[in-house]
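Please keep the sequence and the model in view while reading.

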Amino acid sequence: IEKNEIKPWLKSRWCIGKMTSDFIWHMEDVLTLYEQPYDPLNPVICFDERPCQLIDDVITPIAMKPGTPKKEHYEYARNGTCCVFMAFEPLAGKRIVCVRKRRTKVDYAQFMSDLVKHYPDADSIRLVQDNLNTHTAASFYDAFPADEAFNLAKKFEYHYTPKKGSWLNMAEIELSALSKQCLDRRIGDINELSKEIDAWQRERNDIKATVRWKFNKSDAREKLKRHYFKLQN
């Protein structure tokens with residue numbers, strides 16, 4: 001195929017939210033946070049979640065042999081879904097991952113309560129997350145008594161990505177790594193999935209794997225300057 005030949009089977013997808021003042025404010029807020037130096041008393045933690053299908057084999061696969069790849073039957077059994085919760089601290093190369101059956105307000109609240117226990121000395125957890133309706137301190141009141149819910153909410157400083165701007169959340173990048181390195185095969189049981197993710201998490205934490213974030217506020221103002229200009233004209 002010649003370099004400039006049309007390839008109609010190829011397509012590119014991208015998504016960027018409408019550049020409103022609200023989008024820019026939230027973008028700059030998150031980018032400014034990413035520029036801050038490491039502070040163990042006020043850690044920056046990115047949170048996200050993703051659904052996960054539980055897919056099992058109907059017929060036992062044939063194991064790989066020298067010169068022969070593993071063989072699995074095209075038919076499979078779908079054993080429902082679950083949800084993977086991810087908290088990622090990029091400056092420490094640390095992630096906390098949990099598999100839950102659902103993604104309700106109570107699940108979110110319980111995960112955040114567990115997260116706080118991993119940072120007993122922190123004055124505040126600066127939390128980057130998207131705008132899903134469960135991602136709010138109000139969810140704590142669905143899971144805990146009022147005093148406990150209020151005290152838990154005070155542990156967090158919330159920073160929301162813009163709508164259609166979840167690409168600003170580094171937890172999405174880490175979830176992508178999890179998908180490619182751990183979830184790219186059939187796992188039909190939630191307990192087995194939890195074990196596999198725990199092993200992946202330990203390995204990544206041991207080597208302090210992280211994300212090298214290079215897009216900053218100055219870059220945004222330069223590359224998106226036409227959008228800034230339009231807001232005032």
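## Aromatic rings

Phe47, Phe85, Tyr108, Phe111, Phe140, Phe156, Tyr158 and Tyr160 together make up one aromatic cluster. The model is a predicted one. In total, the structure contains ten aromatic pairs. A pair of aromatic rings is described by two quantities, the distance between the centres and the angle between the planes. For phenylalanine 47 and phenylalanine 111, the ring centres are 5.5 Å apart and the planes lie at 40°, so this pair is tilted. The pair joins distant parts of the chain, since phenylalanine 47 belongs to strand E1 and phenylalanine 111 to helix H2 (residues 105-117), 64 residues apart.

Another ring, that of tyrosine 119, has a charged residue over it: lysine 94 lies over its face, at 4.3 Å from the ring centre.

## The chain as a whole

The protein chain has seven helices and five strands. Along the sequence they follow the pattern α-β-β-β-α-β-α-β-α-α-α-α. Of the 233 residues in the protein chain, 39% are buried. Among contacts with a separation of 6 or more, 74% are between residues 24 or more positions apart.

## Nonpolar cores

The largest nonpolar core consists of 36 residues, and Met27, Val84, Met86, Leu178, Leu193 and Ile197 have the most contacts inside it. Two or more residues of this core come from each of helix H1 (21-34), strand E1 (44-57), strand E2 (76-89), strand E3 (94-100), helix H4 (170-181) and helix H5 (190-206). H1 gives the largest share, seven residues.

Which residues does leucine 178 touch, leaving out those up to four places away in sequence? They are Val84, Met86, Leu183, Ile197 and Trp200. There is also a second, separate core of 23 residues, which includes Tyr119, Ala122, Leu127 and Ala149.

## Helix H1

H1 has 14 residues, and at 1.5 Å a residue it should span 20 Å; its end C-alpha atoms are 20 Å apart, so the two values agree.

Ten of the 14 residues of H1 are buried, which means that this helix is largely enclosed by the rest of the structure. The buried residues are Phe23, Ile24, His26, Met27, Glu28, Asp29, Val30, Leu31, Leu33 and Tyr34.

## Two lysines in loops

Lysine 164 has a positive phi of about 65°, although it is not a glycine. Its place is the loop between strand E5 (156-160) and H4. With a relative accessible area of 60%, lysine 164 is exposed.

Lysine 208 also is not a glycine, and its phi is positive, at about 55°. This residue lies in the loop between H5 and helix H6 (217-223). Its relative accessibility is 56%, and lysine 208 therefore counts as exposed.

## An annotated region

An unreviewed UniProt entry gives the annotation "coiled-coil region" for residues 183-210. In the model, that span is 61% helix and 0% strand, and its end C-alpha atoms lie 19 Å apart.

Technical notes. Residues are numbered from 1 along each chain as its sequence is written. This is a predicted model: local features need pLDDT of at least 70, side-chain atom pairs count only at pLDDT 80 or more; totals for chains, interfaces and linings use all residues. Side-chain values use heavy atoms; hydrogens and water are left out. A nonpolar core is a set of buried Ala, Val, Leu, Ile, Met, Phe, Trp, Tyr and Cys residues joined through side-chain atoms within 4.5 Å. Buried means under 20% relative accessible area, exposed over 50%, partly exposed in between (1.4 Å probe, protein chains only). Helices (H or I, at least four residues) and strands (E, at least two) are DSSP runs, numbered from the N terminus. Contact means heavy atoms within 4.5 Å. Rings of Phe, Tyr and Trp (its six-membered ring) pair if their centres lie within 6.5 Å; planes under 30 degrees apart count as stacked, over 60 as edge-to-face and the rest as tilted. A charge sits over a ring if NZ of Lys or CZ of Arg is within 6 Å of the ring centre and within 35 degrees of the ring normal. The expected span of a helix is 1.5 Å times one less than its number of residues. UniProt positions are given in the numbering used here, feature names are shortened, and annotations may be inferred rather than shown by experiment.
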